[in-house]
Amino acid sequence: MGSANLSEVAYLPGTVTRSVKLLVAGHFGAGKTTFVGSVSEIRPLRTEEPITEASVGVDDLAGLPRKASTTVAMDFGRRTFGGVALYLFGTPGQQRFLPMWDELARGAVGALVLVDTRRLDHSDEILSAVEKRGLPYTVAVNEFDGARRYPSEEIRQALDLAPSTPLTVCDARDQASSAKALIVLVEHLTSRPETLA
Amino acid sequence: MTRPRRDPDLVRAYVVTGGVLRPSRDVGLVTLLVAQDVPGQGLAPEQRRVLGVCSRHGALSIAEIAAHLDLPPSVVTILAAALMDSGHLAVPTPVADVPDIDVLKEVLRGLRQLV
């Protein structure tokens, strides 16, 4: 662990004084990191937080709960708009990290939930985790090449989405397409009376 | 089965922050920070590293500082909060007090230009 290479550090312009945090959630392989990378103006960065988690098994000999240490990695990107820096955090989708979401959700104004139609059933626990934290969210289907396209009504039903939850499609590799999905989210956020408070 | 009694990463984080477990102020991953014109003598090595990556001319978020220094965000949060207490770091001063809804609208305008 050396010192930072300062030539790689992209400082914000002096005019930027505000920041906005959005989560890009989704199950493993839903395209979160690709999505973040397509919108980010900097090479996406990664933070790693060591945590100790109680594992489900017990120690064979002692019969005591065993603790395992692990690392929660988060990839994030940044995009500057005028005086505001938008930060997009790809949140780890693995089930064992869901308890970490209290910390991840802190300070976030909303979440975009990315979904792969080939693994719709994997999105349930992600949606529950977002809802449990009271985070406003929208859903974007990441249209992978070769994946079957479904009518949006079928997807809504499969995900058990509330009628008021916007659902859109995107290609996470494409900046304009990812930006459109974020527009749907931010419009949803600005239309909520709670946001205005 | 043998295993380390303590998680070395977690112990290390505790040592790096000088035994402080919680930040002294409410700072989060996207809190923006700029360096102030205050001499850094007498600071602990890890505090100097955090200060060293910050600039007086442009802000960085806590998350960016953590990523560049390869330190856990929780550790950087504690170190940065202490550096704010000592006047070495500050949040950038907005020209005007812009309501949150206007900040989101600025993001929306910017996103629309990417489409």
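## From chains to residues

In chain A, residues 24 or more positions apart account for 72% of the contacts with a separation of 6 or more, where two residues are in contact if their C-beta atoms, placed from the backbone, lie within 7 Å. This is a predicted model, in which local features need pLDDT of at least 70 and side-chain atom pairs count only at pLDDT 80 or more, while totals for chains, interfaces and linings use all residues. Residues are numbered from 1 along each chain as its sequence is written, and chains are lettered from A and ligands numbered from 1 in the order in which they are written.

Chain A has 6 helices and 7 strands, these being DSSP runs numbered from the N terminus (helices are H or I with at least four residues, strands are E with at least two). Read along the sequence, the elements of chain A follow the pattern β-α-β-β-β-α-β-α-β-α-β-α-α. Of its 197 residues, 39% count as buried; a residue is buried if 20 or more other C-beta atoms lie within 10 Å of its own, exposed if 12 or fewer, and partly exposed in between, with C-beta atoms placed from the backbone. The average pLDDT of chain A, the predictor's confidence in each residue from 0 to 100, is 87, and 87% of the residues score at least 70. Over residues 55–63 of chain A, however, pLDDT stays under 50, and for this stretch the model has 12 contacts beyond four places in sequence.

Chain B has 5 helices and 3 strands, which run α-β-α-β-α-α-β-α from the N terminus on. Of the 115 residues of chain B, 41% count as buried, and among its contacts between residues at least 6 apart in sequence, 66% join residues at least 24 apart. Helix H2 of chain B (residues 45–53) has as its buried residues Gln47(B), Arg49(B), Val50(B), Leu51(B) and Val53(B). These buried residues of H2(B) pack against strand S1 (32–35), strand S2 (60–61), helix H3 (62–69), helix H4 (73–85) and strand S3 (89–90) of chain B.

Where the two chains meet, the contact takes 47 residues from chain A and 45 residues from chain B. On the side of chain A that touches chain B, the elements giving two or more residues are strands S1 (18–26), S2 (45–58), S3 (65–81) and S4 (84–90), together with H5 and helix H6 (193–196) of chain A. H5(A) gives the most to that side, with 10 residues. The residues on that side of chain A divide into 25 nonpolar, 13 polar and 9 charged, where Ala, Val, Leu, Ile, Met, Phe, Trp, Tyr, Cys and Pro count as nonpolar, Asp, Glu, Lys and Arg as charged, and the others, Gly among them, as polar.

Within chain A, helix H5 (residues 175–190) also packs with helix H1 (residues 32–39) at an angle of about 100 degrees, with their axes 8 Å apart. H1(A) is therefore roughly perpendicular to H5(A), a label that covers angles of 65 to 115 degrees. Phe35(A), Ser38(A) and Val39(A) in H1(A) meet Gln175(A), Ser178(A), Ala179(A) and Leu182(A) in H5(A), and by class this contact has 4 nonpolar, 3 polar and no charged residues.

The largest nonpolar core has 81 residues, and those with the most contacts inside it are Leu112(A), Val113(A) and Ala80(B); such a core is a set of buried Ala, Val, Leu, Ile, Met, Phe, Trp, Tyr and Cys residues joined through C-beta atoms within 7 Å. H4(B) gives the most to this core, with 8 residues. Beyond its neighbours within four places in sequence, Leu112(A) is in contact with residues including Leu22(A), Val24(A), Ala181(A) and Leu182(A).

Val84(A) lies in strand S4 of chain A and counts as buried because 23 C-beta neighbours fall inside 10 Å. Not counting residues up to four places away in sequence, Val84(A) touches residues of both chains, among them Ser19(A), Val103(B) and Val107(B).

Lastly, Asp160(A), in the loop between helix H4 (152–159) and strand S7 (167–170) of chain A, has a phi near 55 degrees, a positive value in a residue other than glycine. Most residues other than glycine have a negative phi. Asp160(A) counts as exposed, with 10 C-beta neighbours inside 10 Å.

Definitions and conventions
Axes fitted to C-alpha atoms, helices over the stretch in contact; angles between N-to-C directions. Parallel < 35°, antiparallel > 145°, perpendicular 65-115°, else oblique.
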